Every structure is written in C-alpha cells, then in structure tokens.
Protein chains: 2
Amino acid sequence: MPGSAERTAIATVCLSGTLEDKLAAAAAAGFDGVEVFEPDLVASPLSPGEIRVRCADLGLTIELYQPFRDLDSTDADRFAASLRRAERKFDVMTALGVDTVLVCSSVSPDAVADVDRLAEQLYVLAERAGARGLRLAYEALAWGTFVNTFERSWEVVARADHPALGLCLDSFHILSRGSDPAGIAAIPGDKLFFLQLADAPHLSMDVLQWSRHHRLFPGQGSFDLPAFLAPVLAAGYRGPLSLEVFNDVFRQSDPTRTAVDARRSLLALAEAVADRVPTLGAGPGAPAPPRLGGHAFAELGVDDAGAPQVASVLAALGLTRTGHHRSKPVDLWERGDARVLLNTTAHRAAGAAITALGIESADPVSSARRAEALCAPVLERPHAADEADLAAVAAPDGTEVFFCRTDTAAGWRSDFTPTGASAAHGTGITGIDHVGLTQPFDHFDEAVLFYRSVLGLRPESATEVAAPFGLVRHRGVRDADAGVRIALSVALLRRGEWSPGVVAPQYVAFATDDVLATARAAREAGAPLLAIPDNYYDDLDARLAPDPGRLAAMRELGVLCDRDEHGEYLHVSTEVLGGRVFFQLVQRVGAYDGYGTADAPVRMAAHRRLRSVRSRR
Amino acid sequence: MPGSAERTAIATVCLSGTLEDKLAAAAAAGFDGVEVFEPDLVASPLSPGEIRVRCADLGLTIELYQPFRDLDSTDADRFAASLRRAERKFDVMTALGVDTVLVCSSVSPDAVADVDRLAEQLYVLAERAGARGLRLAYEALAWGTFVNTFERSWEVVARADHPALGLCLDSFHILSRGSDPAGIAAIPGDKLFFLQLADAPHLSMDVLQWSRHHRLFPGQGSFDLPAFLAPVLAAGYRGPLSLEVFNDVFRQSDPTRTAVDARRSLLALAEAVADRVPTLGAGPGAPAPPRLGGHAFAELGVDDAGAPQVASVLAALGLTRTGHHRSKPVDLWERGDARVLLNTTAHRAAGAAITALGIESADPVSSARRAEALCAPVLERPHAADEADLAAVAAPDGTEVFFCRTDTAAGWRSDFTPTGASAAHGTGITGIDHVGLTQPFDHFDEAVLFYRSVLGLRPESATEVAAPFGLVRHRGVRDADAGVRIALSVALLRRGEWSPGVVAPQYVAFATDDVLATARAAREAGAPLLAIPDNYYDDLDARLAPDPGRLAAMRELGVLCDRDEHGEYLHVSTEVLGGRVFFQLVQRVGAYDGYGTADAPVRMAAHRRLRSVRSRR
C-alpha cells in the first residue's frame, strides 16, 4: 500500500442514496478513496468490475471491502460455511480491485472464546486470503461476544502471526468503551491495516444502538479524536484516514452535502495532528484561525413591508440610522458596538430574515483563505472599485459570514455615507451578545463543525427543551473570549403539518448592562416587547424568590430570568417581525454562560399566542 | 374523591401545543379529566382560576397537579426553600381547584437517604397540605437518587403515616426496572392516591432518556399493562386511569388525533381488565372482536391513466375481471381467493393508490360497532336500497377498512354484475398474503394500536432496515390464524427534500404455492417484474448456498429470498404502477412468519433505479 496516512477515505455507509450516488458524492467532495459497504454493492446493478471502473473514472481508490461478519465458530460446519462465504467475497474483491477486507469480531453465540482456537481460524482464512494477494483487517466490535477491545483483537492477531492478517482500529469501538488509546502506539505499524474514524455524542445507551444511529464526523461529537489519532500515527499507521459513520440524519440527507461535511471533518482533524501528517491539514499554507473580535454586524434582509417595521423597532430599541451604503440599498443602524444592516435588495428576503453575520477578524484575508481550504463556499460579491472587498463564505444554513474589521480606515464602514446622526451612547445596548439561528434539520451537526473548524469557535454542550410544538435542540458556538456567540437550534424531529405557531424564528440578541432600564426605555419608545404570562412570574417567585421590586419590574416588562451556579441571565424579546425575526435584550450577571434555553418554551408559546390573536383579528 | 377507577384522564404533557390546545383536544376525545403539567400552566396566559373555568366549560376535571420535584434535602436551608416553593404551588392548586399534587422522589445529590428523616420531611409537607385540604401523591422515579422502586416509596409513605400522604404509581417507572407489580396488591387501596399509565418499547438505554422520549400509550409498546393494572385495582385503587406519556412524535403531532389515540388505548386496556372495571371498556355492550377470516379484497383507486396500466398487470399476474359494480365505476378482479377492486371514481386517487381493505369478519355488524366504540371514524357510505350496506371505518392513514363476508348470498359480491369470465384456478395466485401500507410519520404507533384494538390483530416485533434514503421501521399486524396480515412501515425520520427515489409505495402481496412458476407465467404474460441485480444473487449464494438451478431461476425472475430458523420467504415485485403501488408474489416455505424486510433495501434501490432510468428517457 502506498502513502503514509495522507489519503482521505469515506465508507459508503456514511452517505445516503444508492452506491452510484455515494461514489459521485465522495469524489465531488475530494476524497481519495472509499470503503465499499457490502449492502451498497449488493443493491447495485453495477458488477464489481463496473464499480472498479466507475471509481477509477471518478478518481477514487477502493480502500476496503466491509464488513465480513461472524467468521469464527465453535461449530465446524459453520466455520466451513464461513470459509465458503469468504471465498465468494474474495471473488468480489478481486473484481473490485481491493486487497483488504474488514473482518469483525463475532457477535454470535457460537463465537470462539479460546484465543488459540480463534487465532487458528483467523490463520486459516488469512492463508486463503494471502494466496490470492488479499489481506484481513480484524476489528473488535465494542459488542463482540468475546473480542470487544483493541487489546484483545491485537492479542488474537499477534497469536495468529500471519502476514495477511492485521488489525482494523475504529475510534468508536475503542472510545465508546472508554478504552485508553495510548496503548495503540505499542502495536507494530505494519500490523495496523486500517483505521476507521468516527465521533459521537456522549450517550448513555446500548453501545450497538449508539453506534448504529448516533455516530458523527470528527469534531461534531464529544470524543477526543486527536488524542486517538496520535498514537495510531505514532505506531506507524500508513493507510488512509477513513470515516465510518452510521447516523440517522446523514442516512437521509443529500449525500453531496454530507460528503463535503465529512471531508471538512478530516481536514480539521488532520490539522489538529498536523505535526504527524504534514501534507494533510487544511492544505499547504492554510492559515490557522485568526483571532476573532466580536460581532461586527448582523444583516437583515427586509422587503418593502418589513423594512419600516424593523426600522421602527430598531429605533425604539435605541439604535440610530447612522449610514447608507454608497451603492446598495443598505442602511446601517448602530448603538454602542451593536450594528445592524437593513438590506432592501429585492428578493433578498420575504418579510425579514437574518441574511449575513459580520465577524470581526484580526486578519480577514486569512480567515477567508482558511474557510476556502476547509471547503466553505466562497461567495463572489460584486463591489465598486473604491469599496471594501469583503471576504464572505456561506454557512450551512445559507447565512453569509463576512470576515471584516470595523476599526480600520479601509474597513467595511467606509462604504457607508454617514447620515449625520450619531449613534446614541449610554446605559442601553452595548453590542451584540449573540445571534440565534434556526438550522435546517439535515444540517445541524454540519453547522456545528462549520463554525468550529472554519471560524475556530468552540461548540458548547447540546441541550434539549420541550417546546410547545416538539423538542428543540440547542447548541451554542463561541470564541474563547465569548465575543462571538451563535446560538444554533433545530427541531429534534423534522416538523410536520402540526406546528401552527411561529415557525422557528431567528433573532439578534443585544447586550445591555441593565436590562430593566433598557427594556423600560424601549417600551416607552414603542418597542413591541413580548408579554409573558403572570404564571411564569409566580413560578419564578416560587423557584428563585427574587427581590419583590425586581420581580415586579420583570413581570411588567416581560423579562425572563434563568439562574445557574455561575450567575443569572435576564432576557426580553420583541414580537416577531416580518414573520421570521425578533430581537432580544439580554443581560448576563456574574459568569452565566448560556442562552436562557430553559425559558424558550415560554417565549415560544407567547410568540405563538400573539400570532393566533393577530390572525383572529 | 368520587368514582371507582371509572374515569379516564390524560396528562397535558402527552399532547402537543399550548395548554389551551391540549385541554380542547382532551375534552374532544372524551376524557373525563386531566393532569395539569406545570410547564404547560407556566407558559399559559390563563390564570389558574381561568384554567379551572376553562376545564369546567369543557367538562374536564383537574385530577392532578404535577410534578413537584426534589422536596427533601439534607440541607436545612434547601428543605426550607422547598417548603416555601410548595406553599406557592398550593396557592396555584387551590385556584385550579385540584386537591392532589404529584411529589417525585428526589434526583438531587442532596436527597435524603435515611428513611426516617425522609418520612419526617414528607410528614412536614403533608401537614401543610392537609391543613389546606390538599394531599401529596409520592412517586418513585426509576432514576431517583435513593427512592426508585414502588416498594421503597411505600416504605417511606407508610413510615410517615399521614392521611394527606399517599402513593402515585407509574407503570413506566415500575415496569422499566423489571419490578414485579404483584406486590402492589398488598398496599391499602386508600393509600394509592394516583395511577399513571404508560407503555414503552423494550429499549436498552438510560432509563431517564427512555422515559422522556420513548413512552407509548398502552397497547403500543411491549409492557404488559393488564398485568400491571390488575393488582392496582385489586388493592382498591379508586382514582382515575390516567395516561402520562412522554413521546417525541406525540409532542409534535396534532393533539386532536393524539388524544383520540390515547383514549382508545385506555378503552382497550380497561376492556382487558373488564371484570375489575365493569363500567369502562369499550362502552356497555361493545362486542369483543369477531373472528376474522382473511382478506376479502383490496381496493385500488386509479385514475384514467392508472386504470389500464393496473388492469393489464393484474391480467398478466393471472387475475380475471369477473364483475362490475352495479352502480359505481368499480371492477372486480379475481384469482383464487385474491380479489382486487379497481375503483375509477373521480378524484379517488391520482395515479394509483390502495384506498380500501376488505376484511372477512364472522360478524361484520359487531366488528363495526366495536370499531365505533373504540373511537374509529365510521364512514357514511351511500348505497342503493338493494345493495349491501357495508360497514366501514377509516384507519389512521385514511385507508378505508370494510368488514364483510364473501361467502353469503347478501354479501358484497352480490353488488357486482358478473362479466361471465370465470376466475382462473390452478398453480398461480391463491389469495392475498398481506397488504403493505406506508404510514404517515405522525401516526405509526396510532396505526398499530388501531389494528390491535379495533380489529383484534396482534402486533409483531418492530424491525428497522437501512434503506437507500434513510432508515425504515416495519411492524406487522396479523390475526391469530395469519389470515389477515398488514405490513406497516414508516421512515424513522420524516423525509426531507433528499429522497429522489420512489416515495414509499404501498403494495398488495399475492400468495402463491410456487413463486417461480407463477412469476415465470406472469412474466411471459407481460407482467413488469422488477429486475434485481446479479450482485444480490452472488451474495445469496455466498450466504445461503441455495440449489444452483433454483438460484438461477430466482436470478432470472428477480425473486428475493429471506431465510430464518422457521423457514424461507420468496418474493418478487412488479414495477411501481401509477407512481405509488406495486404488486408482489410471495411464497412462504415452512413456518416463516415475516415479510422479507431484510431484502427491502434491494427492492427499493431497484424501484428507484427504474424511476431514474425512466426519467432520463
């Protein structure tokens, strides 16, 4: 086998569709090779020889044929049947032009417990494989009857001691059992025939179900994949970095999108162990993520009906229209470090929608080059010769992400002609705390990895809340200084027809040091603050016993309050504008680091009620 | 408290929507009362007094306020805060007009382990509750820190010995731990303050997650609810039969539908313990399910384009057009005991769809009366004075289910004028083996319970297969004699935009004693049998080593083969007709009792490929 862990591969089982769909998607995303998952081949009208040609045409090598299950048996007839079955599969492999087959440890009740006898059976098959120029990569399934740790599989392979027999290591099977991967470094590198990589969230469930439904691409879950990969490379593994991810969502999503997400995960992982895989990573010269400095702006696309409504609410919240773009129908609204662009370019949005995020980068050009190296779609943006050339990429939900600097003369603000009105300063809004973006069902984990790898943000723990129309998952991503925060959310099940409420609006949360004063001033200026039921405040009183005067003010203004061991979070929302967007005023007290998701159901019910009331008028 | 376990209730947490939606749905389904789930109240704009009025207007009693969590504490300040919190909740209860609150065992690290001290803290709260005419129903959560079995909760309650303190029993918490409910019978009935019922599938996962996401209504899962309920009633429980089901799908489905499903589950459960709850069950005089005799017919709605295509395929399969309905545009096709109605009534279907099932009932009138008593929508059917008055109800997916007799002079066949052509007999099709119906995502478990309770069919174990465009769950329902079989299926996640294949077609599977001969004759007559890839047969040979001649015939005809310890299942499909329907020829060998679901992905990929090929032409 050529190379030195420089190649990337993906198992066809990771992707949705037929084998033909999967191969095309893997090639389009830039993978070097694939693992052919047997059920995909069995359902394909292409013969193994035709699949070989198809892969060659697409520039893909076939790195592995998998899986071969339940080889060993205490029953001689069954073992003989396994050998017969294997010979048929060797025929397929020869026609495919692949030399390695994954042999899983048996999960059968007739599996062989005795290490010598098991090694003997593996030796018999290895002899047959070797005679045909093939080899076996033996893998311990985490739920194998007797062999379920990499240490045990290595014991068996070492005992058999056949050149056509080596190991396949799978990060899920090893990390899901809490095994320490450090010991892998002691295995001879030439006995590491194959490596399968998968991440996963920490779940407390049957390991087989966990494996079959909830695996994720590296960087999307909770496993420490760099710590796993390091000893594998240290041992001298020279095969491809290959992904094997069973995931219910990916199994039914557009494979072209999933394959790009998958390849991005490997590029980011390789970067994390870059000293060991010098030619991988985000490509030669791909820069590390520059330091981010906060939210430069949030852009809302608004139509003719939405524009005046959003503008009047921004004014009531205390923002001022300070500039107008020199060549585009875009207004700049500001207060403190909070900046909102209202873009009325035709067809940019129906009603109102968050269309772009401006992120302060210490080096916007490097940020954009990094994004491109990590497979983010770079957006071509027409601009006049004297206007700033803003670097922008598309996030998985279509939101445009601009890398920019607000504090330089040639920055994006120079494209705006001042209106002469200066932004008010004072006790009100100080900046953008975070932006809340509802993600498309098929792309939630992709979005987490996008922000983590492309922008260098840190994913927080996922939380789930029971919202009025179904469960909603929340996961924040933020930079180390918490200057940039994006709150991602998604319905746990794709919504059906029964969701008569507001459909998952997006929002911009403005930071304030005194939410009660700011909310009161906003309401007096006409901001449509969302009314919250008295029952909520009675419960708040029962749970947290806040100061009565403060409770009364919160009740009056519709301010919600979450408290944890780190501090308190006070937040108030406006009504939904243009059908899809609202604003929040938020105040963090102490070291509170969340987003008040526990109160989201109350906010959602209030938004829905308003919609019902309005539609009855 | 009045009554003697004659009332039905439902916790608002079972249903989707706001509190107002939930109350309306519960009342419309005929429940007598509700448990008010605190988060629903907290998010409601109605004051507790207004909720009381709303419930009274709807004819609902409020049976329980829930939950009160983490009462006890080893920390005196925390326990004092719990008492303060409880007093606030007693205020809410008084305004609601409910006298019982559910107190869960603590899940906190500061929970009290010592039984005497715990009983003492419960006594303190019971004193306060009793002073206000209220009472506490103490429940052991399956994951409680120290109290997590009903035996332990009873020990604490008995120790406290306060008239305002009793038990709440929840079938999930008890059965999920594998506890034997028989011991409940020894608890004094007047100490059983409340009963919550839930079913669940057997899952090997963290019990809290299992409880919070996967509960089902009684009869939909794997728990033996009658065996649980019997000792509770034997102990003298006199409160309502109340449902508390946390389910991800129900949480986002139309609550009106879910509430009917829920009430049906209680009626069927009460029927199963009818000797102990005489006034419940399927209502006075509701008949037991009459014996079923097989599939009388399957009706396909076809439009002008679909009609000739379906008719030509039926003819090629060996069915004959033997009759025409006297007043409606419906043809009868037959072979052996297989009968298919082709209905060209305008707008009944676009292309082709299975619109009705005829089920042979020993007593069609009783079947229909039973269905109505179990909340099935009875269909009004216009018919001429001299035509059969067929009793029909709508299944959850909208399929019409007719109860009928084929063998009587006044049966449904007398409405058809014979064409003079007699149905062929011989080695071909002998009847309908089963019908495959793809269910709407939100109504899969509802469908299982519908067929179980209304028709008296037996649900089989659910299986999941990895289909090309996502995971698909299958669950069969059948009568004791296996004369009636319906194969239900649903995508594990609601499908999104990426599913370019055939969208989940329905099918009618015809039984044959010799699938190879029947398929060959059908193909020679022009039936469009679905071609299956060679790779499938190479794999079949590797796995099962069938007789080579037989394998060659299967390969030639596209016959798929599943084998298990009971026997073998041979099945071949036609292409999809009218965009939504296909036919199968199936042969059961030995005692094979499944539906060949393991081969479904191969069939689906073949159907999808054909569609791609056709759309390229």
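In helix 12 (residues 364-373) of chain A, the buried residues are Pro364(A), Ser366(A), Ser367(A), Ala368(A), Arg370(A) and Ala371(A), where buried means under 20% relative accessible area, exposed over 50% and partly exposed in between, with a 1.4 Å probe and protein chains only. This is a predicted model, in which local features need pLDDT of at least 70 and side-chain atom pairs count only at pLDDT 80 or more, while totals for chains, interfaces and linings use all residues. Residues are numbered from 1 along each chain as its sequence is written, chains are lettered from A and ligands numbered from 1 in the order in which they are written, and side-chain values use heavy atoms, with hydrogens and water left out.

**Chain A as a whole**

- The secondary structure of chain A comprises 17 helices and 25 strands, taken as DSSP runs numbered from the N terminus, with helices (H or I) of at least four residues and strands (E) of at least two.
- For 617 residues a compact globule would have a radius of gyration near 25 Å, and the 28 Å of chain A agrees with this; the radius is taken over C-alpha atoms, and the globule rule is 2.2 Å times the number of residues to the power 0.38.
- The C-alpha trace of chain A spans about 85 × 60 × 45 Å along its principal axes, and 63% of the 617 residues count as buried.
- Of the contacts in chain A between residues at least 6 apart in sequence, 74% join residues at least 24 apart, a contact being heavy atoms within 4.5 Å.

- Helix 12 of chain A is followed by Cys375(A), which has a positive phi near 70°.
- Cys404(A), which lies in strand 15 of chain A, is buried with a relative accessible area of 1%.
- Leaving aside residues up to four places away in sequence, Cys404(A) touches several residues, including Pro364(A), Gly358(A), Leu390(A) and Trp412(A).
- Phe297(A), which is also among the residues touched by Cys404(A), is 107 residues from Cys404(A) in sequence and 9.5 Å from it in space, C-alpha to C-alpha.

**Strand 21 of chain A**

- Because 7 of the 7 residues of strand 21 (residues 485-491) of chain A are buried, this strand is largely enclosed by the rest of the structure.
- Arg485(A), Ala487(A), Ser489(A) and Ala491(A) point one way from strand 21 of chain A, whereas Ile486(A), Leu488(A) and Val490(A) point the other way.
- Strand 17 (residues 429-438) of chain A runs parallel to strand 21 of chain A and is joined to it by 4 bridges, with Gly436(A) having Ala487(A) as its bridge partner; two strands pair if DSSP finds at least two bridges between them.
- Strand 20 (residues 470-478) of chain A pairs with strand 21 of chain A in the antiparallel sense over 7 bridges, and His474(A) has Ser489(A) as its bridge partner.
- Strands 20 and 21 of chain A form a hairpin with 6 residues between them, and Ala482(A) in the turn has a positive phi of about 60°.

**Strand 24 of chain B**

- In chain B, 7 of the 7 residues of strand 24 (residues 567-573) are buried, so strand 24 is largely enclosed by the rest of the structure.
- Strand 23 (residues 560-563) of chain B pairs with strand 24 of chain B in the antiparallel sense over 4 bridges, and the two form a hairpin with 3 residues between them.
- Strand 24 of chain B also pairs in the antiparallel sense with strand 25 (residues 581-590) of chain B, over 7 bridges, and the bridge partner of Ser573(B) in strand 25 is Gln584(B).
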